[in-house]
Structures are given as structure tokens and as C-alpha cells.
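Take a look at the sequence and the model first, and then we'll go through them together.

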Amino acid sequence: MSGSALYDTFARLPLAFERGEGSWLITADGTRYLDFAAGIAVNSLGHAHPHLVAALTEQAQKLWHVSNLYEIPGQRRLGERLVENSFADKVFFANSGAEALECAIKTARRYHYARGEENRFRIITFEGAFHGRTLATIAAGGQKKYLEGFGPKVEGFDQVPFGDLKAVEQAIGPDTAAILIEPVQGEGGIRPVPAQMMKALRELCDRHGLLLILDEIQTGVGRTGKLFAYEWSGVTPDIAAIAKGIGGGFPLGACLATQEAASGMTPGVHGTTFGGNPLAMAVGNAVLDIILEDGFLDEVARKGLLLKQGLAAIADEFPEVVEEIRGAGLLLGIRCKVPNTALRDAMSEEKILGAPAGENVLRLLPPLNVTDGEIGDALERIRRAMQALAPAPAMAEAGRG
Ligand SMILES: *Cc1c(COP(=O)(O)O)cnc(C)c1O
């Protein structure tokens, strides 16, 4: 037996925080860490944002939970605001990313079922994808390490190589219902899907009567400098899942769909106990109050560029540590030549947090309201971390001679 009462599923760092203030996390002994992981893109407005704290505490004194057997005004309001600001006509609220995506998958399957094509349930997905840890979403993600030992894989997912349009075309058959893709692969290592590819996938969907499902759980709600990452490509999906950033730290996910795509989701076919409860809705609406403020998203894009340019300069300085800087907005990745966990640990020594991802990438996902000063501070810390990892200059000189 291990020393803890908890499942041993997480490789946790020996680090605990007592409180947070904006872009900072603070341990019990008062040590301050610059939080450029933000709960993996969850703390979209940093920690203890006064507007979010006020919204949550005000709601907490009125009503925590009622069942979806009743009207929930905050849910109507958040739904309408998401619809007004997206491709969608309809919204279903859930508590997590995987749950939002389960709803997206069910919505796509029911769409074809309702049109009399019940065998049309297969969904094309991409290598390197991450869609969550439920049985259906590990099947969608297709990663062996997450599927192993959990019995038969949920049927109906066909995976093709990332960026391979030919393979997508070849995978389309009479039973194909949809294509599911992250506009930027997050856990996969901040791999953006080029706009051309998004356009081509949309065309394929239109030509074959498929639905385009976007997993915007990490990219959505302002992370890339637009409310949704699909806006960069000019392509709109039929269905999208969001989560992480919309709750600002409160568990909240949502499935967005066009009227047509949601047409199979009739009364009683799907449900949730907690999804869309008044506490979550109060916080979700408060998050949107700020992210939808005039100019907020432009600032995210500008700060993303500032951080990316700073990282590029550091990358030039430490070519033995950095392979590449990639990503958009405040969803950035440092592809490393040293192990990404070594960079994470060196950064941790400098009291700055980042989140490892696939392809040996270290992700930087600061709160969207991070300040220019904090970005400058972060760059200094990252530079010092790289210095600690790079071979000593004297030795490098000797090596060259
Ligand atoms: C985090 C994430 C998920 C899973 O969300 P959970 O809330 O952990 O269920 C799914 N897809 C993407 C792209 C994610 O980043």
C-alpha cells in the first residue's frame, strides 16, 4: 500500500498551495510562484478574481443547486450569451470537458439516427489527440497508454495521422457520422491545425453529410486570442465542446451545437444532475462578463505575441535547450531538446509553473489577464531556468575549440 489514501493515478509534485492572487500561487510558508500553468488553462482570469469571487459568494447565499427539472435562469442567460457569440444555436451544460465531449459525440450520433441512419455513428479522430478520460473519450483520443487494461475500446472511432487529409478522405465510409478535432492539440503538444486543413475538413464534412465536431475544451473561451480558436480559420463547426476556461476554476463544461446538429437531442435522451447548476452558471456568466469586455480578447492576442517573441529571443540564446516555440495567443509551447520535465523542474526552482505536454513540449498557459509586467518577470525566470540547464559556457567554448 502506498502512503496516501488517494488513488495513485497522478504523479504529483511535492508542492501544495494555500491560496492564489491573480497570476500567483502561494504556499503555506508564503513562497510565491508565477502560475503559467493556470490549472491547465482553467484559471482563465487567475486566482481569486474579485468579480468571480463576488458572483460565487452572492449565489452561494441564495441557491446552490436545483435539478434540471426546473428552469435555471442563470443557465438560460449563459446559454444565450454563448449562442450570441458563437456559431451555435443550442447549448447543453455539463461539469467537465469529457462530459461536454460525451454530449458532443451523442449529439452527432443522434443527428444521423433521427434522420433514419442509425448505423451512421463512426467518428474520425486524429493521432496525438486528447479528448478526456471517460470510456468513450479515451476511445476517441485513441492513445494506447490511456486505453490499456480497460477492456474493449468503445466502438466507433477511426483514427488517422495528424494533418493527413488523404487519410481522412480514405477513412470516410457509409457509417461515418462526424470528424472530431482539436483546433490546436493541447495535451498532444500545442500542435495547431493549419487553417487550410480546417477548411478542407469542413468541405469534406459538407460533401459527405458529416458533422464537424471541435474539441475547444483547452482552446476555447479566449485562450488563443479569439473567443473560440475556430474563428482564426473562418470555419464554423456543427458541434463544439468547451470546458476549462469557461468556469475560471469552477467545474463547468458545455456542448454547443447548431439547431440542425442538435435536432436529435429530444426530451429525455440525455441528462445530468449537476450540469448547469446555479453556482456554476453564476461563475460562467461572471467569466464572460470580463472576457467579452471590449478589447479584452485583443489584449490576449497582444500579450500572447509579447510572450511568444520573448520566448523566441530566449530560444535563440539557448539552442541546446529549445527546439521550437509554438502556439497561438496564450496557448504556447516550448518544444525542448532536454526532457520537458527537466525544464519544468528548473522553472520550478525559479518559482514559475508550466505544464508538460506531448512531443516533449512544456506548455505556458498563463491567466488571460496576466499583466505585461508578469510576462516580463516570467521571461526572466524562464531564461534563468534555461541557463541552469544549458551546458556551462566555459565548457561549451572548450567543446567548440
Ligand atoms: C482537458 C481536456 C479534455 C478533458 O477535460 P476534463 O475536464 O479533464 O474531462 C478534453 N479535451 C481537451 C482538448 C482537453 O484539453
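Let's start with the ligand: around it sit S96, G97, A98, F130, H131, G132, E182, D215, I217, Q218 and K244, each with a heavy atom within 4 Å of it. This shell splits into three nonpolar, five polar and three charged residues, with Gly counted as polar, Asp, Glu, Lys and Arg as charged, and Ala, Ile and Phe among the nonpolar ones. Keep in mind that this is a predicted model, where local features need pLDDT of at least 70, side-chain atom pairs need 80 or more, and totals for chains, interfaces and linings use all residues. Numbering starts from 1 along each chain as its sequence is written, and side-chain values use heavy atoms, leaving out hydrogens and water.

| Ligand atom | Polar backbone atom of | Distance |
|---|---|---|
| oxygen | G97 | 2.8 Å |
| oxygen | A98 | 2.7 Å |
| nitrogen | F130 | 3.2 Å |

On its own the ligand has 380 Å² of accessible area, and the protein covers 81% of that (Shrake-Rupley method, 1.4 Å probe).

Now for the sheet. Seven strands (DSSP E runs of at least two residues) form an open, mixed sheet in the order β4-β12-β11-β10-β7-β5-β6, where pairing takes at least two DSSP bridges. At the edges are β4 (90–94) and β6 (157–160), each pairing on one side only. Strands β10 (residues 211–215) and β11 (residues 239–242) run parallel, joined by three bridges. D215, one of the residues around the ligand, stands opposite A241 in β11.

Note on methods
A polar contact is a pair of N or O atoms within 3.5 Å; within protein, one must be able to donate a hydrogen and the other to accept it, and residues adjacent in sequence count only if both atoms are side-chain atoms. Helices (H or I, at least four residues) and strands (E, at least two) are DSSP runs, numbered from the N terminus.
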